[in-house]
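Take a walk through this structure with me.

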Amino acid sequence: MHDDSVLVERRIRRELHERLMPAMYSATVPFQVEAWDTPGEPVSYAEAMAGLASSARPFTVGSKWSRPWGTTWFRMVGDVPAAWVGRSVEAVIDLGFHPDSAGFQSEGLVWEPGTDGKGHPVQGIHPRRTALPLADAIAGPIEVVVEAASNPAFPMVGTRYGHLGSLATAGEAPIYTLRQAMLGLRDDEVFHLLLDVEVLLGLMTALPATDKRRRRLLRQLQAAFDVIDMHAVGATAARARRALQPALALPARAGAHQVVAVGHAHIDTAWLWPLRETERKCARTFASATRMMDLYPDYRFVCSQAAQYQWMETKYPSLFQRIRDRVAGGQWQPVGAMWVEADMNLPSGESLVRQLVYGQRYFESRFGARCEEVWIPDVFGYPATLPQIFRAAGCNRFVTQKLSWNKQNVFPHSTFLWRGLDGSEVLTHFPPVDTYNATVVGEELVFSEHNFKEHGWSDWSLMPYGHGNGGGGPTREMIERARRFQSLDGAPQVTPGTTTEFFEHVEAEMAAGGAVPVWDGELYFEMHRGTLTSQSKTKVGNRQCERLLREAELWWATTGDVPAAVAAELEDLWKAVLLQQFHDIIPGSSITWVHDDAEASHAAVAARLERIIEDAMQQLAPATSSLANAASTDRAEVVSSDGEIAGDGPTQTLHDGTTAAMVVVPAFGIAPLAAHPCADHVAVTERSFTNSFVSVSWNLEGTITSVIDVRAGRQLLPVGGVIDVELAPDHPVEYDAWDVEEWTRGLGGSVGGVQSVDVIDHGPLVATLRVRRAFGRSTMEQLISVRAGSPRVDFTFDIDWHEDERLLSLMVPLDVHAREAACDIQFGHVMRPTHASSSWDAAKFEVCAHRYVDLREPGFGVAVLNNGRYGHSVQDGGIRVSLLRAAKYPDPVQDHGRHRVTVSVLPHGPGLHQVLREAEALNLPLRPVQGSAVGAAVPVVSVEHPGVQVSAVKRADDGSGDLIVRLYEACGARTQVAVRTPERVSDAATCNLLEERQHTLDIADGFVHLTLRPFELVTVRLCN
Ligand SMILES: [Zn+2]
């Protein structure tokens, strides 16, 4: 037979689109439309009704509506013909949609007044959900009210259109046209014929050309199209459906792969839209999800992010009640356990803990159960400590798929045990469909089966489906297609279900001896490395708030009694910080509006925390000038102060008029601001600073050419190496704010532009070199300081940055022979390669580190510390810190403005103890305080081991007054540590992250001894 298969397939596709699809409605009645534009930001239903009542204007279909980010309320009125009653009557609305990318453009929410007239969300409208079913419509007038949001459409990549990301620059011209507003009588036979054809055509396309089923399907489809009268599709649709029945009835092959299809709508809490729009996205998406549940009882939907539920609870209470009912009925499953789907690289360990604690508490209090699985499909890398953190919050299961985007290496597993830094394991699944926005078509299902890497032992995979990122969720067409794929020859078998049901299948397979693979260590994401640096102010604001939250909890714990109002405010502030840790906010990948919001939120939170800390200090600090130390180690260091400094020790007036002195403050304690004797001093020459620990020299340009560890008698820098500020053109291939390319730095060089080099502090306590530069449209002041008694060399940058598409870095070349660098992460550190030997090594050319990166040989090492940066590279013979970027998309003014940050070079002896101490000190500066107490308060706890870090000291959230101390072993060593309090401890126990007792601890002599595994995280509850 001659092969006409290509031609036949083209015929089917053309007739499908041009004949069948337009035949969906057998009759239509136009709506009469009125409109009212909100004058500014979105308003309530009541305000909109008042606006429509007082100043609605007639609106003609085909006219433009609303400026970017505006809202227009449409009232649409039509007459349902008597002959339509009892049939599939629908309102059909097209706000001016581009056919694809639901959630990335205009969206609508249909409201109904309800019996109370307060207004209740009915269903969302988007390009793939233009119909509102009106099953109970009676003959006569009917009214539909739509809240239409004119959210501008952003192209996903490119450098233009960023101006749309701010109200100030988006413009006033209307951007959408109301294209369609009518009542339609849906022809059910055509509707189902379309679905039958889509399912079989998709399956046919996905199967190999040689597959028998593929060839047969083509002829079966051809036969069905032959019986359709293209001039009377409705009249012949049933006949065509009958022709397709044999193709649809052929069941799945024995032993077919099993797919659990779980409805979902990924809703980015902010991204190409601000937080306020996400609240409305949630209402639209969740209302649609509950509508779908009315229509399809077997439909299942999973939904993460407690913060989004809370928005519904406070702003859309009737919708929230519908959600609760659906959760109780088992159709809606809360997942994820976290407050938001947070970025995992950048938040502190304690922040990740609180994401889970506040998330789990919310889910449990509102829905009666905690989540068993963490659900973060769209996050840019997963640190090695997560399995331990997840388990301590009650989650032994984890779903993500982002590593399918890896550019260099294909991740080898789909379902596996992920083993973390301390040995904890969580059962992890990467849905092999490689998306969290599947649409349930044959191509995806066949790909899922081919891409699944566990066929050797497992039959089950998960498919999250539904429009996502901007929300939208599953459509009725997806649900209908899923039904057709329940048992269909050539495709895996699709079962609607929840993630819990999926994991239960896998766990049964494991219990039966299934050989589940193990992946040990971090899940490094081979993309989006620029998100470690983009939008520096958002990141620095987060780190500042994390520090202040630690201080506020510690100092109120020290008072002994946290008033309920303070506890409630701290919870509010935590949640405000957690919200901004969403995976497009803190990574710096959002529009201008979102980052403006983030900076304002961080500033407001910080101001409130400063006041809370000050209130605690009234009870803790004496009336004389004092210093408070929130770090877990005793401090003796040179600080500077605006005021007078008492004491016998030496002082020094610095260039800025402040006074420097050596001070001593106990761990978690408060001590007078007094100058202590100081055995060390900094000697200053024209080109060098030297104390007992370190000697630094520079050249005429102010570039550091030598750093000598005096005690070790060792030069840190390689021959010819200098510590240099570098500037490189930064043009990612795809995603501007997200990506840094491997070759980027090689295209750049020394920033140059030196204007002055001056020694401005001359010892004996502080020596400072000031280097001023001007380059491009930017200026930079760099202060390089050495202090008495410290081996640290601090580089403090004050940068007025106005570059575009440039990457600014500090390069510290090091003569240290180490194949791996220790990088500080949440609750531990990971080793990353300093070489690019394998493709897995090479991919790690830019890595995340929190407070330090360390290169070491036995007995000697050099760490580079920072107080507000995350992106580092360690593969060019040293440690490079990414200081600033300047992508143009999606925020065209990304990072423009003033930035301050300190990076320190620290030579040290064996191990990490000194590094931990200095990293903590740099990030927890001593706080000048003054109160009204008689004497300084005694530290509330002490944890005395240089390898153990304290993450939180607080009173228990249950109001019992018990002291909670969260600590972890940070070096990878088995360790014994004592936890002491001023009073004898009467009872002590380890807890989970939610502060629930687990194991009673032994108490000896009134204090607690703990034995920690390498990198073990422990939460201790102490009762006096
Ligand atoms: Zn996302």
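The buried residues of helix α7 pack against several neighbours: α6 (275-295), β14 (301-303), α8 (317-328), β15 (332-334), α9 (349-367) and α15 (564-579). Keep in mind that this is a predicted model. Which residues of α7 are buried? Helix α7 spans residues 306-315, and its buried residues are Ala-306, Ala-307, Gln-308, Tyr-309, Trp-311 and Met-312.

Tyr-309 also belongs to an aromatic cluster.

The structure holds 38 aromatic pairs. One of them joins Phe-104 and Trp-273. What does the pair tie together? Phe-104 lies in the loop between β6 (89-94) and β7 (107-112), while Trp-273 lies in the loop between β13 (258-264) and α6, so the pair links parts that are 169 residues apart in sequence. Phe-104 is buried, because its relative accessible area is 9% and the cut-off is under 20%. Trp-273 is buried too, at 3%.

Phe-390 and Phe-398 make a tilted pair, because their planes stand at 55°. Their ring centres are 5.2 Å apart. Phe-390 is buried at 1% relative accessibility, and Phe-398 is buried at 0%.

Rings can also sit under charges here. The charged end of Lys-402 lies over the ring of Trp-405, 3.5 Å from its centre. Likewise, the charged end of Arg-543 sits over the ring of Tyr-870, 4.7 Å from its centre.

Notes:
Residues are numbered from 1 along each chain as its sequence is written. This is a predicted model: local features need pLDDT of at least 70, side-chain atom pairs count only at pLDDT 80 or more; totals for chains, interfaces and linings use all residues. Side-chain values use heavy atoms; hydrogens and water are left out. Buried means under 20% relative accessible area, exposed over 50%, partly exposed in between (1.4 Å probe, protein chains only). Helices (H or I, at least four residues) and strands (E, at least two) are DSSP runs, numbered from the N terminus. Contact means heavy atoms within 4.5 Å. Rings of Phe, Tyr and Trp (its six-membered ring) pair if their centres lie within 6.5 Å; planes under 30 degrees apart count as stacked, over 60 as edge-to-face and the rest as tilted. A charge sits over a ring if NZ of Lys or CZ of Arg is within 6 Å of the ring centre and within 35 degrees of the ring normal.
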